[in-house]
Amino acid sequence: MTAARNTHARNTHARSMPAQPITLYTGGALFGLPDASPFCIKAEVQLKMAGLPYMKVQGMPDQGPKGQIPYIEDDGTRLGDSTFIRGHVEKTYGVDLDAGLTPQQRALSWTIERLLENQLYWTVVHSRWLIPENFAKGPAQFFTRVPEAMRDQMRQSVLERVTNNVRAAGPGRHSDAEIADLCDRSLSALSLLLGDQPYLLGDRATAVDATALGVLASLLTPYFDTEVRRRVLNYPNLLAYTDRLMAQFFPDFAWVPAAA
């Protein structure tokens, strides 16, 4: 069980605590990351920000209420999707992960989150699944526990589904160079917004930093060789920011510093 310390968010409402630790279902450490999924990293960091006790266990997407990870179980309720998990935590336990932000900053926070999750996230998926050498050393390994007679067929079926999803999201329609150029524009925007601040919206971590950590760490892990990773390396403040957050929220994880 992890007892999250409430040192990162100021709460404006009376806080309560769960009768039992929240169970967070994730995919587990993989690819040089605390979790293979940026959304699992986001959900765990936000639980840490909230200062709520939780225990993390291996989850299977098909057992989640939305057919994906992460999901939580809290007092008999099973809830999926990292954004709705945050909403549940804030409403149920009187936590405001964005306490102290102005209405304009809250709007900016949501805008940044959409850039991260609706654009940059899909470059993570593309780089892992649609670059053959990365797929072979990465997602293809997800199927090793499938019976051998079914393994190749299931692997191909899931790859086709992911390929269609990446195309529907946009990146699958572009060349690798075009994807990297679009990603670079988003990275440049993030870098300018961050500037020399310790966090995206000022001097303390808020909810959007959890989202940013999940996506940026996923882009930066040296496990996969990608042009997009090389683009991120051109932004020293994003590298230092990612390293700071990894040290803050996953101090025991053997993260390879991006700014080294």
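Predicted model: local features only at pLDDT ≥ 70, side-chain atom pairs only at ≥ 80, totals over all residues.
The largest cavity is lined by Ser127, Ser218, Leu219, Thr221, Phe224, Thr226 and Val228, where a cavity is a set of points, on a 1 Å grid over the protein atoms alone, at which a 1.4 Å probe fits but cannot get out, and a lining residue has an atom within 4 Å of a point. That lining divides into three nonpolar, four polar and no charged residues, with Ala, Val, Leu, Ile, Met, Phe, Trp, Tyr, Cys and Pro counted as nonpolar, Asp, Glu, Lys and Arg as charged, and the others, Gly among them, as polar. About 50 Å³ of space lies in this cavity, the volume being the space filled by probe spheres set on the points, which are joined across faces, edges and corners.

Residues are numbered from 1 along each chain as its sequence is written, and side-chain values use heavy atoms, with hydrogens and water left out.

As for confidence, the mean pLDDT (the predictor's confidence in each residue, from 0 to 100) of the protein chain is 92, and 94% of its residues reach 70 or more. Over residues 5-13, however, the pLDDT is below 50, although in the model this stretch has 28 contacts beyond near neighbours in sequence, a contact meaning heavy atoms within 4.5 Å.

Key: 1 Å grid on protein atoms, 1.4 Å probe; cavity = no way out; pocket = protein on both sides within 12 Å on 5 of 7 lines; lining within 4 Å.
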